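Dear colleague,

I am passing on the structure below, with notes on what turned up in it. Please read the notes alongside the model.

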Amino acid sequence: MSAGIIDGKAVAASVRAALKDEVAAFTAETGIQPGLATVLVGGDPASEVYVANKRRSSVVAGMADLHQHLPEDASQADVESLLRALAADPAVSGILLQLPVPAQLDAVSLIELIPFEKDVDGLTTMSVGLLAQNKAGLRPCTPSGVIELLDASGVTIEGANVVVIGRSELVGRPVAQLLVNRNATVTIAHSRTRDLPAVCREADIIVAAAGVKGLVTADYIKQGATVIDVGIHRGEEGLSGDVAYAEVAEVAGLITPVPGGVGPMTIAMLLQNTLRAAQLQYELGGSAAS
Ligand code: NAP
């Protein structure tokens, strides 16, 4: 048997197309154009590429590009004062502090300056708490992308046995929480988990987010299971994931490729969060204005 391929590029393109229409409708109805303030400190080349993609995509979706760039030697006070200004600016729907920041800065305390209704990365303590309590709020982008891929592929989450490999704040924990909120039975595995292959063989759905190239092999997979590979590894042969794709595809029912699986979903979900942020602020009493 050969697994069906979950095409993340196609799902992301359809999310973005639908979003463009939703943004236009929201702007027509309220007079508010959602605006995304990406904040880049310094000139890390990879971060510059990521931020440029986010800015370009937000403009294509009909949003305002409110990018801010601070120099490499910016002080904690400089970044704090910029984030406070963006938090207070009604034209700014979403704030994204691009990570990592230069070594002299304390990223954790900077992130906490982003108000929950503008926290399009979903990383503040407030957003994490809202997710844990299953209350309305903005969810981290890559984990939301995983859920969107499962839904778009017709995979039943409710009642499913899911194993999430990884417990990071960025991916493992929030994706597990999103799955619990959707009534899955979730096991969170990590580096101290005993007999990981046996744990994974119980799963109807595996979400691999360990950051270990090729960790998940065919003997981890129950026949017909769905395998979502969040891992990204750059090698001489190009990008690959946490899943040994060729052998796992022989046993799984559905599988995401790397590249072209989870990766393209992250920006699509960031754009969706920016619109949700604008809607949330509008509902909270029109703190956003055109
Ligand atoms: P991370 O912070 O390094 O966390 C890795 C997690 O995996 C930890 O909880 C760790 O356990 C666990 N782990 C490590 N080795 C393991 C093993 N051998 N068996 C079981 N669990 C193991 O990484 P992350 O930020 O969550 O990212 C994970 C991967 O996703 C990376 O490859 C990253 O590049 C990729 N990623 C992709 C996207 C995307 O857009 N597609 C976005 C974000 C991240 P302990 O807690 O016990 O240490």
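N183 is partly exposed, with a relative accessible area of 46%; buried here means under 20% relative accessible area, exposed over 50%, and partly exposed in between (1.4 Å probe, protein chains only). This is a predicted model, in which local features need pLDDT of at least 70 and side-chain atom pairs count only at pLDDT 80 or more, while totals for chains, interfaces and linings use all residues. Residues are numbered from 1 along each chain as its sequence is written, and side-chain values use heavy atoms, with hydrogens and water left out.

Backbone

N183 is found in the loop between α7 (172-181) and β7 (185-189). Helices (H or I, at least four residues) and strands (E, at least two) are DSSP runs, numbered from the N terminus. Phi of N183 is near 70 degrees, a positive value in a residue that is not glycine. N134 also has a positive phi, of about 55 degrees, and is not a glycine either. N134 sits in the loop between α5 (125-132) and α6 and is partly exposed at 46% relative accessibility.

One runs from L99 to P100, with omega near 0 degrees; P100 is in the loop between β5 (94-97) and α4. Another joins V258 and P259, where omega is about 0 degrees, and P259 belongs to the loop between β12 (254-255) and α10. As background, most residues other than glycine have a negative phi, and most peptide bonds are trans.

Salt bridges

A search of the whole structure finds six salt bridges, a salt bridge being a side-chain nitrogen of Lys or Arg within 4 Å of a carboxyl oxygen of Asp or Glu. Three of them are described here.

E22 pairs with R276, and the closest N and O atoms are 3.4 Å apart. This pair links distant parts of the chain, with E22 in helix α1 (residues 8-30) and R276 in helix α10 (residues 265-283), 254 residues apart. E22 is partly exposed at 31% relative accessibility, and R276 is partly exposed at 31%.

K222 forms a salt bridge with D204, with 2.6 Å between the closest N and O atoms. K222 is in the loop between β8 and β9 and D204 in the loop between α8 (196-201) and β8, 18 residues apart. K222 has a relative accessibility of 31% and counts as partly exposed; D204, at 28%, is partly exposed.

E237 forms a salt bridge with K213, the closest N and O atoms lying 3.0 Å apart. E237 lies in the loop between β10 (233-235) and β11 (238-240) and K213 in the loop between β8 and β9, so the pair ties together parts that are 24 residues apart in sequence. E237 is exposed, with a relative accessible area of 59%, whereas K213 is partly exposed at 47%.

Buried residues

I221 lies in the loop between β8 (205-208) and β9 (226-229) and is buried, with a relative accessible area of 6%. Leaving aside neighbours within four places in sequence, I221 is in contact (heavy atoms within 4.5 Å) with R201, I206, V216, V227, V248, V251 and A252. The C-alpha atoms of I221 and V251 are separated by 6.6 Å, and the two residues are 30 residues apart along the chain.

T142 is in helix α6 (residues 141-152) and counts as buried at 18% relative accessibility. Not counting residues up to four places away in sequence, T142 touches V230, V262 and T266.

I111 is in helix α4 (residues 107-111) and is buried, with a relative accessible area of 13%. With residues up to four places away in sequence not counted, I111 touches L97, L99, L123 and T124. The C-alpha atoms of I111 and A28, 83 residues apart along the chain, are separated by 32 Å.

Surface charge

Which residues gather in a patch of negative charge on the surface? They are D44, E48, E72, D73 and D78. Patches are made of residues with over 30% relative accessible area and no salt bridge, with like charges joined within 9 Å and nonpolar side chains (Val, Leu, Ile, Met, Phe, Trp, Tyr) within 5 Å. Asp and Glu count as negative and Lys and Arg as positive, with His and the chain ends not counted; the place of a charge is taken as NZ of Lys, CZ of Arg, CG of Asp or CD of Glu. Accessible areas come from the Shrake-Rupley method with a 1.4 Å probe, and for residues only the protein chains shown count as cover.

Regards
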